[in-house]
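Thanks, everyone. Let me put the structure up, and then we'll walk through its charged pairs, its ligand and its surface.

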Amino acid sequence: MAMLMCIAFKSTLSRYKVSLIPEAEIPNNRYSFIQVAGRKLIESSNLGPRPERPIEIYEFEGCPFCRKVREIVSVLDLDVLYYPCPKGGPNFRPKAIQLGGKKQFPYMVDPNTGVSMYESDDIIKYLVDKYGDGKVPLMLSLGFFTTLTAGLAMIGRAGKGSTYKKSRLPEKPLELWAYEPSPYCKIVREVLVELELPHLYHSTARGSPKRDQLVQRTGIFQAPYLEDPNTGIKMFESAEIIDYLRNTYALA
Ligand SMILES: N[C@@H](CCC(=O)N[C@@H](CS)C(=O)NCC(=O)O)C(=O)O
């Protein structure tokens with residue numbers, strides 16, 4: 001079931017490719033989505049230049065403009081330090097306003113170039129020019145229609161991931177391996193945002209080389225996967241991650 005959901009909500013990278021390779025030719029620690037008749041399906045992609053330091057984005061889960069930017073982050077396989085800005089959040093909303101001068105989300109800062117900007121379409125264009133092949137994918141290039149479909153995609157979540165719930169701010173950002181269209185990753189992100197927990201997001205969409213890296217790190221690939229450097233916890237399973245986040249950081 002989990003596999004079917006993630007196929008249905010698949011996200012692939014720029015110039016994504018698949019090949020069926022005999023099992024014997026593939027190292028054990030190489031992630032393979034499916035194995036058939038002694039062959040493994042191997043996914044890969046051609047990525048643009050990689051940023052040395054993670055891009056920083058101030059945003060919140062329930063915002064359709066922010067979702068458009070999160071989609072390009074997955075497509076470009078970028079690592080992003082997300083600063084959640086839920087309504088009523090006491091930390092990163094004020095910080096974003098102080099940095100950029102207005103209350104509007106998303107707001108992006110690229111510490112590699114010193115560039116910072118508002119406007120989801122401008123951020124998408126900047127990211128594909130700098131870290132992709134310069135082409136905005138069709139479904140992210142349709143202006144109002146793109147924003148409308150991004151909003152409709154979230155309608156069933158009834159605004160989750162938009163409003164602050166009282167929490168304790170961690171010393172260090174948490175780390176999450178995830179990708180935008182996965183429903184399991186989404187429910188974890190909602191809680192990270194509501195609790196205003198900064199997190200380094202390792203994009204692991206289909207075709208991402210970071211899927212292999214996660215297999216090497218943990219023995220398997222599954223998203224979401226959370227590491228919390230504040231407590232040392234490392235865990236899979238969205239429902240358990242959500243319980244952990246609430247038990248560790250929510251204040252009554
Ligand atoms: N044209 C902007 C629109 C951004 C926008 O309206 N964002 C809303 C959130 S969905 C916002 O910042 N509202 C102010 C608030 O949340 O306080 C873009 O594409 O980035």
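Let's start with Glu71. At 23% relative accessibility, Glu71 counts as partly exposed. Here buried means under 20% relative accessible area, exposed means over 50%, and partly exposed is in between, with a 1.4 Å probe and protein chains only.

A word on what you're seeing. This is a predicted model, where local features need pLDDT of at least 70, side-chain atom pairs count only at pLDDT 80 or more, and totals for chains, interfaces and linings use all residues. Residues are numbered from 1 along each chain as its sequence is written, and side-chain values use heavy atoms, with hydrogens and water left out.

Back to Glu71. What is its partner in a salt bridge? Arg67, with the closest N and O atoms 2.9 Å apart. A salt bridge puts a side-chain nitrogen of Lys or Arg within 4 Å of a carboxyl oxygen of Asp or Glu. Side chains of opposite charge can pair when their charged atoms come close. Glu71 and Arg67 sit four residues apart in helix H2 (residues 64-75), so about one helical turn separates them. Helices (H or I, at least four residues) and strands (E, at least two) are DSSP runs, numbered from the N terminus. Arg67 counts as buried, at 11% relative accessibility.

This pair belongs to something wider. Glu59, Glu61, Arg67, Arg70, Glu71, Glu180, Lys186 and Arg189 are linked in a network of salt bridges. The whole structure has 15 salt bridges.

Next, Lys68. Its side chain meets that of Asp121 in a salt bridge, 3.0 Å from N to O. This pair links distant parts of the chain: Lys68 is in helix H2, Asp121 is in helix H4 (residues 120-131), and they are 53 residues apart. Lys68 is buried, with a relative accessible area of 1%. Asp121 is partly exposed, at 38%.

Now Asp77 and Lys210. Their side chains form a salt bridge at 3.6 Å, N to O. Asp77 lies in the loop between H2 and strand E5 (79-84), and Lys210 in helix H7 (residues 210-218), so the pair ties together parts 133 residues apart in sequence. Asp77 is buried at 3% relative accessible area. Lys210 is buried too, at 9%.

On to the ligand. Which residues are around it? Phe60, Cys63, Pro64, Phe65, Arg93, Lys103, Gln104, Phe105, Pro106, Glu119 and Ser120. The shell divides into six nonpolar, two polar and three charged residues. Ala, Val, Leu, Ile, Met, Phe, Trp, Tyr, Cys and Pro count as nonpolar, Asp, Glu, Lys and Arg as charged, and the others, Gly among them, as polar.

A backbone N or O atom of Phe105 lies 2.7 Å from a ligand oxygen. A side-chain N or O atom of Glu119 is 2.7 Å from a ligand nitrogen. A polar side-chain atom of Ser120 lies 2.5 Å from a ligand oxygen. On its own, the ligand has 510 Å² of accessible area, and the protein covers 75% of that. Accessible areas come from the Shrake-Rupley method with a 1.4 Å probe; for residues, only the protein chains shown count as cover.

Finally, Leu174. Buried or exposed? Buried, at 0% relative accessibility. Leu174 is in strand E8 (residues 174-178).

That's the tour.

Terms used
A residue is near a molecule or strand if one of its heavy atoms lies within 4 Å of it. A polar contact is a pair of N or O atoms within 3.5 Å; within protein, one must be able to donate a hydrogen and the other to accept it, and residues adjacent in sequence count only if both atoms are side-chain atoms.
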